[in-house]
Amino acid sequence: MDHSAQGLVLNYRDEKDVLNETHKMRMTVSYGLERFWGEHLRLKRENQNKSDYWKAVWDELGEILAKAGVSLPNDSVISHLPAGNKREREAKEADETKKIREMANKIWQMPMDDQRVALMVLTQFCDSLVWWCQRYKKKKDS
């Protein structure tokens, strides 16, 4: 897990302001899995690199948990419908809303023991990310 955290921090070290998200990730863990997962969607509107970092952490968490036999939902919520005109854009947005709802429901429906394990692992994973971020963060990100 620590090695994965180090790799993620190094992967995003050169992206402006992205590592500032690491401390925010750690704070968000206390709000639960669904809120942590959803944060990458909010950031997508503001900064794609920050969104990618949050999503990469979720993806890596899923891989870590899979090794322990815990299945973490990780569906894509991106619609592949066309969005050329207003009607198509609305249909695309509705499709993405449906996918987000389904993904959120999958997280909420995880067995309680699996949710607890996932939160404990996510907490430790974020602590490792913070530790590596403090070592590798560039001054310009301060």
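**Entry: ground rules**

I started with the helices and strands, which are DSSP runs (helices H or I with at least four residues, strands E with at least two), numbered from the N terminus. By that naming, I find Ser-128 in helix H6. I keep in mind that this is a predicted model, where local features need pLDDT of at least 70 and side-chain atom pairs count only at pLDDT 80 or more, while totals for chains, interfaces and linings use all residues. My residue numbers run from 1 along each chain as its sequence is written, and the side-chain values use heavy atoms, with hydrogens and water left out.

I checked how covered Ser-128 is, using relative accessible area: buried is under 20%, exposed is over 50%, and partly exposed is in between (1.4 Å probe, protein chains only). Ser-128 has 13% relative accessibility, so I put it down as buried. Next I looked for its contacts, meaning heavy atoms within 4.5 Å. Apart from neighbours within four places in sequence, Ser-128 is in contact with Asp-2 and Ala-5.

My other serine is Ser-51, in helix H4. Ser-51 is buried too, at 3% relative accessibility. If I skip residues up to four places away in sequence, Ser-51 touches His-40, Leu-43 and Lys-44.

**Entry: helix H2**

Which residues of H2 are buried? I get Glu-21, Thr-22, Met-25 and Thr-28, in a helix that spans residues 21–28. They sit on the same side of H2, because they cover an arc of only 120 degrees around the axis. That arc is the one of the directions from the helix axis to the C-beta atoms. The cover over these buried residues includes helix H3 (33–46), helix H4 (48–67) and helix H6 (112–136).

I also looked at Met-27, which has its place in helix H2. Met-27 counts as exposed, at 56% relative accessibility.

Asp-17 lies in the loop between H1 and H2. I noted its phi, near 65 degrees, which is a positive value in a residue other than glycine. Asp-17 is partly exposed, with a relative accessible area of 24%.

**Entry: helix H3**

For H3 I wrote down the buried residues: Leu-33, Phe-36, Trp-37, Glu-39, His-40, Leu-41 and Leu-43. What covers them includes H2, H4, H5 and H6.

**Entry: aromatic pairs**

I then went through the rings of Phe, Tyr and Trp (its six-membered ring), which pair if their centres lie within 6.5 Å; planes under 30 degrees apart are stacked, over 60 edge-to-face, and the rest tilted. How many aromatic pairs does that rule give? I count five.

One of them is Tyr-12 with Tyr-53, a tilted pair at 5.0 Å centre to centre and 50 degrees between the planes. Tyr-12 is in helix H1 (residues 2–12) and Tyr-53 in helix H4, so the pair ties together parts that are 41 residues apart in sequence. Tyr-12 is buried, with a relative accessible area of 15%, and Tyr-53 is buried at 0%.

I also found Trp-132 and Tyr-136 stacked, at 5.3 Å centre to centre with 25 degrees between the planes. They are four residues apart in helix H6, so about one helical turn separates them. Trp-132 is buried at 13% relative accessibility, whereas Tyr-136 is partly exposed at 22%. Elsewhere in my notes, ring pairs link Phe-36, Trp-54 and Trp-58 into a cluster.

**Entry: the largest pocket**

Last, I looked up the largest pocket. On a 1 Å grid over the protein atoms alone, a pocket is an open set of points where a 1.4 Å probe fits, with protein on both sides within 12 Å along at least five of seven lines; lining residues have an atom within 4 Å of a point. Grid points are joined across faces, edges and corners, and the volume is the space filled by probe spheres set on the points. That comes to about 160 Å³ for the largest pocket.

Which residues line the largest pocket? My list reads Leu-41, Lys-44, Arg-45, Val-77, Ile-78, Glu-96 and Ile-100. H3 and helix H5 (86–108) are the elements that give two or more residues to this lining. H3 has the largest share, with three residues. By class, I see four nonpolar, no polar and three charged residues in the lining. For those classes, Ala, Val, Leu, Ile, Met, Phe, Trp, Tyr, Cys and Pro are nonpolar, Asp, Glu, Lys and Arg are charged, and the others, Gly among them, are polar.
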